Every structure is written in structure tokens, then in C-alpha cells.
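Reader: Please display the model, and let us then examine the criteria behind its description.

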Amino acid sequence: MRHFAHPHHPSGYAPVVQRPIDSDRFPEWQPFVDAVQQRRPDAGTWCEAWTVRDIVVHQAGNAEELARVLGAHLEGETLATRRFEEREGPLRVLNDADLWDALHDRMATLNEVAVAADEVPTDTDVAWTGRTMKVPWFAEHMREELVLHGWDVTGDHAAAQARLAEPWMTTHSVVAVGRPLLAKGARELRPGERIEARLRVPGTDDVVVSADAEHTTIALEDPNGAPTLETDGAARVLLLWGRRPADPSRICSRAGPENLGRVRRLLSGY
């Protein structure tokens with residue numbers, strides 16, 4: 001039973017020299033690696049229809065594309081963001097050992113590009129998937145991917161939930177990724193249909209979403225009025241990404257099944 005493993009794992013692969021990945025810059029990297037190494041590549045995950053191997057492919061592709069686009073910007077070029085199929089296709093044909101090495105290699109490259117980007121003003125906008133992101137958001141986005149897909153592997157493990165509940169995870173999800181997160185669900189709306197919802201975690205700003213067939217908005221706002229649903233910080237991030245905690249009692253609502261169902265359909269993730 002072969003696992004994704006480091007060179008000294010009993011079922012591991014031949015040792016290779018890996019370039020360093022800064023644990024201060026990417027503190028979620030090692031927990032993700034540990035989670036993946038404990039499972040078979042063909043094991044299922046909480047990301048529907050994806051195995052652990054699919055997640056590793058996706059993460060390697062994410063790191064490669066973030067580094068490619070940001071690195072080009074640092075060289076004075078503008079590159080269009082490639083679609084998932086284009087960036088992940090070459091990775092899917094690799095065997096497990098080479099895929100694991102590719103993940104490390106792409107992450108190390110992103111680390112190097114992020115270090116170089118420290119010299120760029122933090123409010124610099126860079127084109128990314130039909131919008132722009134601030135330069136620091138590129139590394140932050142990879143961190144979010146590591147947290148989210150780490151949860152996909154482990155489920156509601158206490159440490160995974162703690163990482164999801166970090167306030168920056170909600171802020172990044174809303175400010176940097178909010179519009180794409182609503183796009184898929186909004187495409188399912190009928191002409192004239194409109195959804196508005198207020199997602200509350202006690203003691204924090206509400207996440208307020210609205211959508212019709214033509215427009216979507218998502219923002220952090222002061223708590224006001226009755227929420228559509230109330231939950232904890234980790235579960236709210238999962239909901240924004242089209243997921244749900246294993247324990248449904250963590251999501252509380254008096255909006256009624258029809259309204260809550262419509263909100264859940266809007267929050268269907270990518």
C-alpha cells in the first residue's frame with residue numbers, strides 16, 4: 001500500500017535534494033505535507049470526486065501558476081492565467097514519485113518568487129484570473145489553498161479547524177477570492193432571482209453576499225440585524241468554499257429551508 005512519502009518513510013522513494021521552503025512564509029506547508037504523507041494517493045477526500053493524488057496535482061499546479069504569473073510581473077511582463085486543465089495536465093501523467101517531487105519543486109519556486117516580491121510595494125496590482133490581486137496575496141493564496149485542501153484530506157481534525165478559523169482566512173476568501181467563489185452558484189440563478197445572505201460568526205464582522213443572474217457582491221460588514229446563518233469561523237470558511245463541516249449542528253439558521261438551501265447553492269465554490 002504505497003503512500004506519498006518522504007525519502008525516509010518505510011514505503012518512500014529514492015532520496016532527492018529538495019530546495020528549501022520557508023516555514024515562516026508558508027507555515028501551512030508542513031501540516032499539508034504531513035496529512036498527505038499519511039494517506040494513499042488514491043484515498044478519497046472531502047473535496048468531492050477528488051482523491052489525495054488529485055489534490056497534490058492541483059496544489060502543484062497552483063504553486064506553479066502563482067509563481068509563473070507573479071514572477072513574470074517582477075520581470076516587467078504580463079501573463080494570462082492558465083486554466084486548471086492546462087496547468088494540471090502535464091502533472092497528471094507523472095508517476096507518484098515524480099508528482100511528489102514536482103509539488104516540492106513548484107512550492108520552492110513560489111517561495112523564491114515570493115521572496116523577490118518583498119521588494120515590490122504591497123499595494124501593487126497584478127492580473128490574475130480575470131481580476132487583480134495585490135502582490136502579497138499570491139503567497140497568501142497558496143497558504144489558503146494549503147489550509148483548505150489540507151482539511152479536504154484530514155476532515156474536521158482539530159488542528160485543521162484551527163487553521164481554517166484564522167481571521168486572515170476569512171478576509172482572504174472575501175477580499176481576494178470572493179467574486180470567483182460566487183460565480184459558479186450565480187450561474188444557476190434564474191432571470192429575476194436574487195439571493196441575499198448574512199453569514200455570522202459571533203464577535204467578528206458578518207460576511208454579506210448578494211447575487212442575481214448578472215451581478216454578485218461579497219463583503220465584510222458590521223453585524224446588523226438577523227443573520228441568515230450563524231456558525232463558527234472554520235465552518236464559515238468551508239461554506240464560502242462550497243464545503244460543509246461533518247457536524248451539521250455547527251450551522252444554525254432561522255431562515256427556513258428554502259432560503260437556506262438557496263444560499264447553500266450559491267455558495268458552491270469553484
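Author: Of the contacts in the protein with a separation of 6 or more, 67% join residues 24 or more positions apart; contact means heavy atoms within 4.5 Å. This is a predicted model, in which local features need pLDDT of at least 70 and side-chain atom pairs count only at pLDDT 80 or more, whereas totals for chains, interfaces and linings use all residues. Residues are numbered from 1 along each chain as its sequence is written, and side-chain values use heavy atoms, with hydrogens and water left out.

Reader: What makes the radius of gyration agree with that of a compact globule?

Author: The radius is taken over C-alpha atoms, and the globule rule is 2.2 Å times the number of residues to the power 0.38. For 270 residues a compact globule would have a value near 18 Å, and the protein has 19 Å, so the two agree.

Reader: Why is strand S4 called mostly covered?

Author: Buried means under 20% relative accessible area, exposed over 50%, and partly exposed in between (1.4 Å probe, protein chains only). In S4 (residues 206-212), six of the seven residues are buried. Strands are DSSP runs of E with at least two residues, and helices are runs of H or I with at least four, numbered from the N terminus.

Reader: How do you know that S3 and S4 pair, and which way do they run?

Author: Pairing requires that DSSP find at least two bridges between two strands. Six bridges join S3 (residues 194-200) to S4, and the strands run antiparallel. Arg-194 has Asp-212 as its bridge partner in S4.

Reader: What joins S4 to S5?

Author: A hairpin connects them through three residues, and Asp-206 stands opposite Glu-221 in S5.
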